[in-house]
Structures are given as structure tokens and as C-alpha cells.
Amino acid sequence: MSTGNLKNNIQAALNNDNLTGALGRFGEAYIPSREKAYEGKDFEAIREKISQRKCHAAENMEKLAEQFIAQAQKNGCKVFRAKTGDEAKEYIAKVANEHHVKTIIKSKSMASEEIHLNDYLLKNTEVDEVAETDLGEWIIQLCGQRPSHMVMPAIHMTRGEVAEVFSKETNQNLEPDIAKLVKVARENLRNKFLKSGMGISGANIAVAETGTLVMCTNEGNGRLTTTVPPVHVVLVGLEKLVEKFEDVGPILEALPRSATGQKLTSYVTMMTGPTAAIDLDGKLIEQKEMHIVLMDNGRTEMRNDPIFKQALQCIRCASCLNVCPVFQQVGGHVYGHVYTGGIGTILTAFFNSFEKAGELQNLCLRCERCKAFCPGKIDIPGLIAELRRRTVKKEGMPMSQRLILEKVLTNRKLFHSLIRTASVAQKPFVKGNVIRHLPLFFSGLTEGRSLPAVAAIPLRDRVSHSRPTGKPKAKVGYYAGCLGDFVYPEQGEAAYKVLDKMGMEVVFPMEQTCCGIPATQMGAPEVALTLAKQNIEAFEKEGLDYIVSLCPTCVEVLKHHFLDQLKDDPAWKARAEKFASKVIDFSSFVAKYGQDLKFRKLGTKVTYHDSCHMKRSLKVWQEPRQLLNKVGVDFVEMKGCDDCCGFGGSYSVKMPEISKAILEKKVNNTAATGAEVLALDCPGCKMQIAGGLDAKGQNIKVKHTAELLAEAIKE
């Protein structure tokens, strides 16, 4: 998909009120439904079992495939191994032609969507009709659309739109009443079951030990599809294999809860061999045929990739879509292929082509939410970053971006000099330390938000080596990050004040530079590696006990990314491990070591925004609230407090339309609290949300937790 087409599709989706309304309502209802469904369950323990067993299955895919085939054949099934989607289609068409099938009914199957099976059968067999019988699939079939969601294919449509589709199909004037619409669907589909010559289904799990196929559905159509026609074909991907029957349990615990917030799907069907047709006396009338097409189509290639093989742990619950802030704004059709959302980008790259994944990689905001909710423990954002890296390696990077990354970002003096120059160049556009309008092609940067001005004097020129009176409790290295150094130096000054009161000796290593996250996100790991080494060298010479930062994204990079980037270099690996062991975010550091701090009561009405990397990557959300409680604010929790603000670093520049739409939701939720101050722990989030509030004319101050602590601390 080209950049132009993607941008057009995004704009069309954002302008579709029915789409954004339907997705928004579902997104808000999903989280509490899921939480209720998991009550009494240990999600982390369940996902650990799933990831271990699916990982084992992936590593032993060929062995399990052979075992499954042998068992399924013993059960009376005919099994065909399809290396490609074309081979799968050709086999199914051959079976249909051999039985002179005219009508095929289908239960929901993403694997069949993946290879465009329906169209192939209509063009290459005697088949007159391939009827989808899952309600959502039937709706989009009537519309001529693709699924927009792996579990709920018509989630993007309102009941009013469905009523219009059904009215046209049945030549009736139907009201948007769900019960009546379901009745109409049932009446129209019933005859298709009775006259069908073949039923095609997918499967959620394939058990090698017994040759059993497990299918989870919420409608009776699945069982009718697999039992009524004389021929049943199951199309199942190799990734659905598990070794033992006991492996089914954890998946069945997580799949419905993560997919739709149910404790169990309405129908859990286990098929071990073909269905026997019997009369009322129990006598066999006929033995029906069951064909299993075990499809590869890129799965083995994924298994052989040491980085991407973890994607085979996906159980197709689509919880990653359900919680994705981008998906909730634009839906699945923007992704341009069968599989949607973050995991869809990865599957598309292997099951179709890396080229088709193309620009889709840029839709990911890297908020890490999908990773936290995935029952297969897949690092979806990390895999998308790897896709981006490989795409850049293959196709190259625009010269302007490469120059900035390779020549500017890695040259600390030049980088910092250019920022200082920007602080002078911005003056005609600054009013009250805020930029509300920019000229020419920069104008999009201030659409929907204002921007903070680059500080006239950066933090590095404001602070010096801070030594408390008496013997210091510890020596702390302060990592500012780009925004903290050059845009919000007042946050750093506040942190210095608090750390000084804690009895800490604070050092600002002047050779520190960008953490490298922009380079990683843009697919330039070699630049990120250089920056990692520069920062480690800058801090290790100071003999520090701790390294503290106000930016959770920087903390994540310093603590985790550096280790990953330097893991293959023994000497640097040891240095990175020592460096990482000292890194901690500011709020956690104060909560742990600032117990003796004395504060006055502020009494201000405050709400709090959890930054994505703070809560989901660092697992920190209680500590800031504990600190705010200490300074005596009137605290009110915000609706969607941990919803992404849409910043994502360069994302707000690359995808400004989506960023703006996500920001608007956060601004509205902030304003609804009636708070005077929004507290947070991320300079990037402050840049985004403060800009959005200012653009909306909301008189709500946005402050880092460090600023509130410094304001309340007793002298």
C-alpha cells in the first residue's frame, strides 16, 4: 500500500462518524467486560502457560504436524498438507468438483479469508454459491467487504447500517432491532444449510496427540456447517497445532475472555473424525467425509525466523485490536489486507509479503498496550519495529532522515547547537512560551495542539554539580532526555530541588545525549547503538550509585533497550548491564528513598495521566499517586487514565490525523474531571496533552509530578 493511499484511507475512516462511534463504544465496553471475565483468574499464569506451550509447538511444528496427520487419518479423516495458499485452494476445489457441489456453506475462517478462498471456488468449480453463515461474515459478504476484525468481522458497522443491508437483501423495510435482524438472518440462512453439498470451517486448535480439532463459536452455524453437509472441509494453519490435549485448557480459558469478555464461548466443538449420519434408531445411514487441509503458507518461514517465530503464539483472540488506540480510531480496513491491527501487520508480512505490510508498520503507536493484553505474550510492538528495520534495510531511508540520524543525532555538539539555534529561530512564532501557529509545510504540526517553545537556556546550562550539606546519601546521575533538557528545563530544576532535599549528590554528565528511541522507531538500529555507547560512556565515568530520569521512555531505553542492543558484544554487554542496574524513574526513586521528605498540603484539584511506557513497560503507576497523596492534593481519577495520548514521539508528525483524534479523547477526559492540574510523569505526554488543552482553550495546567513535589516541599 502506498503512503498516499494509506493517508486517504485514514482520513476517510476518521471522517466516518458511524465507524468511530461503533469502535469507540466497543473499546470503552471491552476493558470492564474483560476484567469481569477474568475475575478469580491469574491472567499472567494463564498467558505464561499459553506462551510456553505454543512456543514448544512452534519449535516442534514439523513433528507435531506428522503426529496430527497420523492420528487424524486413524480417526477417518483425509488430510492434505498445503505448502501454499494456492495448493490449499486447488485441493478444496478438487474435492468440491469430485462431489459436484453446487452450494457451500462456511463457518468463520480467517485462514480462508487469507487465501481468498470464496472467489477462487466460484471461478474454478461447479459451485454456484459460497455462503458465509457466521452473522458478521454474512453481513460483510453482502456488503462486498473484508473483515475489519479477526473475531468480530462487522464490528465497524452500526445496527442501522446492518438493517439497511438486510433490507436490501430481503426486499423488506427492516428496523434496526437486533433481535429481529438476527431472526431475519436465521430464516435466510436455514435453507442454505439444508441444500449445501459441502461445509467449510476453520479451527482454533489442532491437537497432535489425538488428531482433534477444536472450534470456538458463538453461533450455532458452526456446528451446522460441520455436521449437516455430506462433506466437511477444515482449513487450519500449522500455527494452530499443540502437542497434547491438556494444552487446550489454557487457550480455552483465555480465548473467549480476551476476545469478547466472555468466560466461555457459546459453542466449544471438538471434532475427532468425521460426523456419522444416523437414524432415530441409531443406525448408520452414511459416513460423511471429513477433509483437513493443514496449511503452511508462510508459517514455516515464520517459525524459522528466530525473532518472528514468537508471533506463532497468537491464539487469534484479537485483544490486541480491542485495546489498540489506533484501531479504535480507524478500524481494520485501513490496514489494507485480511489480518488487521498490530498482529495483522506481522502476519501480512509472512503470509502474504513484506511489501504488502509496507506502510502499515507506521500505524503502530508503540504504546505497548497490545503487549500487555496479549495472552500469547507476543511483543507485537517489538516485532513491528523489527519489520520497520528490515524494510528500511531493504528499501533505504530518505536522505533527509538519514542525514539527521547519522550526522546530527550522533554528533552531540552539532545536535545541541542546532537545538540552540532553533530557540532563536522560533522567536517570531512564540507567544507566552507557546507556539500556536507555524508557517508553510510546518503548519500541520500545530493542527489540534500548540507546541512548547524551545527553552532559551537549556537545563544543562542551569544546573551544576549539586552537593547537599553533610554527607550525601548517594550519588545520582541525572538523565534529562531531549525534551527535559531543551524544552522543559523547569522539570529538571524541580527534580534537582527534590533530590537535594533527599540528601543526594546530583551530577549532570554534560556528554549525555539522545537515548536513541527516534532512531529505533525509524528503523536505524546502528544509530541507536552508537547513542547507547555514547550515553554509557558519559555516565560510567562519574562513579554513580543511581541514574534517575523524569522520562519513562528514556528509562525504558536506558534500562532495557541498551542491553538488547549490546547483547552480542561481551565487553559492552557487561558495561550495559552495570549501567542498566542503576537506572530508575524519578517517582519510583522518590517513593522508595524519599520517605523522610516533608511537604505542605497543596489542596489543588489534580488528576493524573499514566504514560504508556510508565505503566506498561516500567510497571509504575501506584508510586506517582502515593506521592501526590503526600502533597495533599484533591485527587480525582480520570476516565481512561492510562489511555494513550497519541504522542508517540515522531508518530505525531508522521500520523498527525490519528494522533490528533487520540489526543482529543484524552483532552475531553481531562476536562471532564474538573481538575485544575493534570499531573503526569512524561515530558512527551506533557507536550501532547498541554498542547491539546491549550488549543481547546482549556485552562488546565499540566505539570510533571516532580514539579508538584518541588512546589509542596518544605524549605
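Modeller: One term before the sheets: two strands pair if DSSP finds at least two bridges between them. Also, keep in mind that this is a predicted model.

Colleague: Fine. Which strands make up the open sheet with mixed pairing, and in what order?

Modeller: Four strands, in the order β8-β5-β6-β9. The edges are β8 (241-242) and β9 (267-271), and each of these pairs on one side only.

Colleague: And how do β5 and β6 run relative to each other, parallel or antiparallel?

Modeller: Antiparallel. Three bridges connect β5 (residues 205-207) with β6 (residues 212-217). Ile205 faces Val214 of β6 there.

Colleague: Back up a bit. How many helices and strands does the protein have?

Modeller: There are 34 helices and 23 strands.

Colleague: What is the radius of gyration, and what would a compact globule have?

Modeller: The protein has 28 Å. For 715 residues, a compact globule would be near 27 Å, so the two agree. The C-alpha atoms fill a box of roughly 95 × 60 × 50 Å along the principal axes.

Colleague: What share of the residues is buried?

Modeller: 57% of the 715 residues count as buried. The cut-off there is under 20% relative accessible area.

Colleague: Now contacts. Of those with a separation of 6 or more, what share links residues 24 or more positions apart?

Modeller: That share is 79%.

Colleague: Switching to surface patches. Which residues make the nonpolar one?

Modeller: Leu194, Leu224 and Val228 make a nonpolar patch of about 260 Å².

Colleague: Where does Val228 sit?

Modeller: In the loop between α11 (221-227) and β7 (231-237).

Colleague: Why is Val228 called partly exposed?

Modeller: Because its relative accessibility is 32%.

Colleague: Next, the parallel sheet. What is the strand order?

Modeller: It is an open sheet of four strands, ordered β21-β20-β22-β23. β21 (634-635) and β23 (701-704) are the edge strands, each pairing on one side only.

Colleague: Is Gly603 buried or exposed?

Modeller: Exposed, because its relative accessibility is 52%. The cut-off for exposed is over 50%.

Colleague: What does Gly603 contact, beyond its neighbours within four places in sequence?

Modeller: Gly632, Val633 and Asp634. The C-alpha atoms of Gly603 and Gly632 are 5.7 Å apart, and the two residues are separated by 29 residues along the chain.

Colleague: Last one, Arg625. Which helix is it in?

Modeller: Arg625 is in α30, residues 622-630.

Colleague: Buried or exposed, that Arg625?

Modeller: Buried, because its relative accessibility is 18%.

Colleague: So which residues does Arg625 touch, leaving out those up to four places away in sequence?

Modeller: Arg625 touches Tyr608, Asp610, Phe635, Glu637 and Cys641. Tyr608 belongs to β20 (605-608), and Phe635 to the edge strand β21 (634-635).

Technical notes:
Residues numbered from 1 in each chain as written. Predicted model: local features only at pLDDT ≥ 70, side-chain atom pairs only at ≥ 80, totals over all residues. Heavy atoms only, no water. Patch = residues over 30% accessible without salt bridge, like charges linked within 9 Å, V, L, I, M, F, W, Y side chains within 5 Å. Areas by Shrake-Rupley, 256 points an atom, 1.4 Å probe, with all protein chains shown as cover. Salt bridge = Lys/Arg side-chain N within 4 Å of Asp/Glu carboxyl O. Helix = DSSP H or I, 4+ residues; strand = E, 2+ residues; numbered from the N terminus. Buried < 20%, exposed > 50% of the residue type's maximum accessible area, 1.4 Å probe, protein only. Rg over C-alpha atoms; globule rule 2.2 N^0.38 Å. Contact = heavy atoms within 4.5 Å.
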